[in-house]
Amino acid sequence: MSKAITFSEYGPPEVLRLSEVTTPEPGPGQVRIRVRAASVNPLDLKIRSGLMAGTVPVRFPVIPGLDAAGVVDAVGEGADVTVGAEVLGSAVGGSYGEYALLDRPVAKPEALSWEVAASLVTVGRTAFRVLEQLGVQAGRTLLVHGAAGSVGFIAAQLAVARGITVVGTVSEHDIERVTALGATAVRYGDGWAERVTAAAPRGVDFVFDASGAGVLADSVTLAGDSARVITIADMSAARHGVRFSAGDSGQAGESLPELVGPAAAGRLTVPVWRTYPLAEAAQAHTDLEARRNHGKAVLTP
């Protein structure tokens with residue numbers, strides 16, 4: 001037996017409980033890790049609240065969590081990883097616990113902290129995936145809505161490194177932080193489209209909406225074609241003819257090794273806002289729902 005956060009009904013953060021659970025056993029190709037860090041993602045909050053009940057069915061009790069980093073302590077048949085290896089990856093069956101299962105573990109470089117390693121997985125893959133789906137090439141201009149958020153922040157860095165001109169919408173207090181990435185930061189809110197036009201007088205070629213702030217109609221106008229706009233956060237996408245991107249696919253599923261090296265070398269910054277003891281998972285969810293965070297929240301068993 002071991003400890004994990006569980007919930008047995010949909011509801012507010014208070015439904016999360018520290019519980020005794022059966023320690024998971026790795027299946028073929030899987031490894032079990034002693035978790036050193038597990039990141040909290042917006043999808044965790046949506047699943048816990050019941051907002052995703054129609055598309056992501058669950059069986060109670062649920063252990064939440066998508067990402068984890070830790071030390072391998074058991075290996076399933078066919079898994080090419082040794083006990084004692086330090087790894088990160090997507091969790092199978094939840095990551096908010098003392099132990100978690102990973103089915104595609106990636107080696108964690110020594111220079112990468114546990115908190116950053118766990119935080120990189122979903123947001124890094126998402127940013128990589130959307131850039132691939134948009135097909136943005138060097139010399140083009142990309143508008144990133146929510147460029148100071150976890151996914152947008154990584155997407156902006158990846159795009160700049162590829163020679164893409166990046167304009168990002170951010171809050172007033174994030175302008176300097178996003179500008180430091182090599183992007184042009186403009187304030188979101190009323191008049192944002194005019195400010196983007198002033199910042200990119202030659203126009204915007206593609207738009208990545210990581211904010212879900214009701215910006216799709218004007219984004220399509222700026223890009224000139226709904227096919228050049230993708231959102232990961234606005235459920236009204238279909239009404240605007242815009243793609244809603246979700247889940248790993250194609251190259252994105254294998255992108256994590258490409259992200260780990262730059263992150264360990266300091267060429268890719270993953271913003272970690274705060275760490276919480278595992279028992280304070282409900283507080284982490286509360287803080288994220290209140291948008292108090294400026295980066296990733298991480299649980300440490």
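Leaving aside neighbours within four places in sequence, which residues is T141 in contact with? Hold that for the second stop.

**Before you start**

This is a predicted model, where local features need pLDDT of at least 70, side-chain atom pairs count only at pLDDT 80 or more, and totals for chains, interfaces and linings use all residues. Residues are numbered from 1 along each chain as its sequence is written, and side-chain values use heavy atoms, with hydrogens and water left out.

**Stop 1: the whole chain**

Show the C-alpha trace. It spans about 60 × 40 × 30 Å along its principal axes. The radius of gyration, taken over C-alpha atoms, is 19 Å; this agrees with the value near 19 Å for a compact globule of 301 residues. The globule rule is 2.2 Å times the number of residues to the power 0.38.

Switch to cartoon. You get 8 helices and 15 strands. Both are DSSP runs numbered from the N terminus: helices are H or I with at least four residues, strands are E with at least two.

Now colour by burial. Of the 301 residues, 50% count as buried. Buried means under 20% relative accessible area, exposed over 50%, and partly exposed in between, with a 1.4 Å probe and protein chains only.

Colour by charge. There are 26 positive and 31 negative side chains, and the centres of the two sets lie 2 Å apart. Lys and Arg count as positive, Asp and Glu as negative; His and the chain ends are not counted. Each charge is placed at NZ of Lys, CZ of Arg, CG of Asp or CD of Glu.

**Stop 2: T141**

Select T141 in strand β8 (residues 141-145). T141 is buried, at 11% relative accessible area. Here is the opening answer: T141 is in contact with T165, V167, A200, G203, V204, D205 and F206, leaving aside neighbours within four places in sequence.

**Stop 3: E86**

Move to E86, in strand β5 (residues 86-92). E86 is partly exposed, because its relative accessibility is 34%. Not counting residues up to four places away in sequence, E86 touches G70, V71, V106, A107, K108 and W114. Then pick R34: it is 52 residues from E86 along the chain, and their C-alpha atoms are separated by 9.6 Å.

**Stop 4: S236**

Finish in the loop between β12 (229-231) and β13 (243-244), where S236 lies. Is S236 buried or exposed? Its relative accessibility is 13%, so S236 counts as buried. A polar contact of 2.6 Å joins the side chains of S236 and D234. Such a contact is a pair of N or O atoms within 3.5 Å; within protein, one must be able to donate a hydrogen and the other to accept it, and residues adjacent in sequence count only if both atoms are side-chain atoms.

Technical notes. Contact means heavy atoms within 4.5 Å.
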